[in-house]
Amino acid sequence: MIDPAIQQKIDLWLNGPVDEESKRQIQLMPETELIDSFYKDLEFGTGGLRGIMGPGSNRINKYTIGMATQGLANYLLQCFPSEEIKVAIAYDSRNNSKFFAETTAAVFSANGIYVYLFEDLRPTPELSFAIRTLGCKSGVVLTASHNPKEYNGYKAYWDDGGQVIAPHDKNIIKEVQAIDGFSSVKFQKDDSKIEIIGKEVDEQYVKAVLDLTLAEDVIKRQSDLKIVFSPIHGTSITLVPEVLSRKGFNNVTIVEEQATPDGNFPTVVYPNPEEKEAMSMALKKAKAIDADLVMATDPDADRVGIAAKNAQGEFELINGNQAASLLIYYLLVKWQENKKIDGNQMIIKTIVTSDILDSIAADFKVDCPSTLTGFKFIAALIKELEGKKEFIGGGEESYGYMISDFVRDKDAVASCAMLAEMSAWAKDQGLPVFDLLAEIYTKYGFYLETLISMTKKGKDGAEEIQNMMSQFRSNPPQLIAGSKVSRICDYAASTEKNLETGETIAIDLPKSNVLQFFLADGSKISARPSGTEPKIKFYISVNEPLESKEAYDETKASLETKIEAIKSDLQL
């Protein structure tokens with residue numbers, strides 16, 4: 001039996017101004033699917049929309065995309081009442097992304113807003129670049145990042161090229177919630193307000209990426225660096241091979257089976273380069289040709305996963321913290337060599353990213369502030385410190401990195417280019433990538449991280465996650481894996497408490513439901529419920545000195561034992 005409130009929503013769709021195909025699909029749905037499609041409205045969250053595609057109020061479709069765009073348009077018209085408002089729109093390789101992008105463009109144009117619409121699929125970072133370059137007030141990219149193929153999404157950006165943050169995020173949400181049905185959405189597009197863009201913006205963006213090059217002489221000597229690259233059926237095929245070629249790398253092998261953009265992602269379970277399974281074809285190709293570096297990007301080309309040969313000659317995935325360490329270390333070495341560091345520079349990381357980046361930055365006398373999780377907060381801090389601090393680069397543990405500030409979001413295109421340059425620089429000194437990583441660890445300590453993600457579905461699951469966080473707050477652990485808890489940071493309360501001195505200081509970051517436990521031995525445990533999924537994530541970071549490269553495996557084993565002890569104590 002379907003709840004009357006849900007049935008009322010279903011009837012609104014069946015009797016309202018909805019296309020016949022959607023009505024037909026609704027009528028054919030089994031009851032469980034019908035309930036899931038209509039039991040709530042798909043929530044426009046702080047980052048936009050994300051959900052399963054299909055008809056229904058709890059699905060991504062023309063109508064939910066239209067309502068989101070109408071809400072955003074209404075807010076833009078309030079914010080800039082006497083200015084010409086321009087927006088940019090991009091989309092990825094997912095099924096229906098182009099249609100949803102065209103729907104978004106139609107609604108903006110019908111509201112008198114001028115639209116720059118990319119002619120075809122493009123990487124998300126290029127959308128950020130286009131907003132800044134074309135003087136837009138906002139922008140939208142249609143993508144669900146590395147979610148399964150059934151999903152799509154809608155990410156909203158502001159005039160600095162970063163994803164929307166407070167107060168705009170909450171204000172846009174209010175406007176979207178105020179839309180009282182499809183009849184309030186202006187779907188009738190105005191062609192005079194839509195301009196198709198493509199190659200000219202590509203060229204400006206590629207040039208900006210190539211201008212980041214720090215070691216042209218090294219690339220000339222190592223132009224035959226063996227690189228295997230996979231776009232995993234996504235947008236990066238449009239730009240990464242071209243960027244690598246124009247940068248001077250002439251020995252790039254593309255994984256052909258994954259080179260064609262395809263929203264069904266037929267060769268992988270999930271198009272996520274954090275997963276070994278998604279990298280398996282690239283790793284197989286790398287083994288066959290004895291590659292120096294493997295790189296693969298997610299569908300919208302904001303994240304990149306990499307691999308290289310370890311000391312045993314086996315290809316091993318390099319996690320997000322390790323790749324960030326390699327990138328930042330290389331950038332700072334070259335900036336120092338080029339006498340560009342004068343105490344006015346910074347790198348930025350997030351609170352759950354490895355603290356080795358703080359140690360590297362301190363060594364080069366560069367600031368390293370931490371933000372809440374998410375690149376929108378990194379972009380916001382860059383904007384806040386514009387003209388005061390020069391941004392060199394930044395990253396987060398979830399495989400997203402940014403070099404320079406002409407883009408204000410994770411950028412896998414620029415990251416692929418700089419990771420290739422870093423690998424060439426290491427090879428030029430006779431160092432495989434893992435040897436360079438070991439060298440970094442001998443200088444700054446061997447940091448090892450792991451992420452535990454626990455899924456708790458439904459209403460009961462949400463309550464269980466809430467209870468876990470409440471328990472941690474009311475009865476925090478005093479000892480974890482034999483090491484005393486020395487500090488606790490509660491980002492919801494904006495407090496940092498030193499358990500040794502009893503002193504409490506304020507945390508100057510937006511409030512967020514995150515807890516961090518810092519141990520006397522230097523370990524860090526972060527607990528963070530997801531804002532978009534029924535999950536709670538635990539980030540564990542441990543470290544100890546690495547006496548020599550030869551002690552790498554032994555030290556790694558010791559750190560892995562420490563992680564297991566922490567997991568056991570916290571019952572993870």
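This is a predicted model: local features need pLDDT of at least 70, side-chain atom pairs count only at pLDDT 80 or more; totals for chains, interfaces and linings use all residues.
Strand 12 to begin with, residues 345–350. Six of its six residues are buried, so the strand is largely enclosed by the rest of the structure. That holds for both faces: Gln345, Ile347 and Lys349 are buried on one side, and Met346, Ile348 and Thr350 are buried on the other.

Now the partners. Strand 12 pairs with strand 14, residues 390–396, in the parallel sense over five bridges. Within that pairing, Ile347 has Gly393 of strand 14 as its bridge partner. Strand 12 also runs parallel to strand 13, residues 370–371, and two bridges join them. There, Thr350 is bridged to Thr371. To get from strand 12 to strand 13, the chain passes through helix 13, residues 356–363, and this β-α-β crossover is right-handed.

On to helix 18, residues 552–569.

Which residues of helix 18 are buried? They are Tyr552, Thr555, Lys556, Leu559, Lys562, Ile563 and Ile566. These cover an arc of only 120 degrees around the axis, which puts them on the same side of helix 18.

One last item on the backbone. Just after helix 18, Gln571 takes a positive phi of about 55 degrees.

Key
Residues are numbered from 1 along each chain as its sequence is written. Side-chain values use heavy atoms; hydrogens and water are left out. Buried means under 20% relative accessible area, exposed over 50%, partly exposed in between (1.4 Å probe, protein chains only). Helices (H or I, at least four residues) and strands (E, at least two) are DSSP runs, numbered from the N terminus. Two strands pair if DSSP finds at least two bridges between them. A crossover is right-handed if, with the strands pointing away from the viewer, the path from the first strand over the helix to the second runs clockwise. The expected span of a helix is 1.5 Å times one less than its number of residues. The arc is that of the directions from the helix axis to the C-beta atoms.
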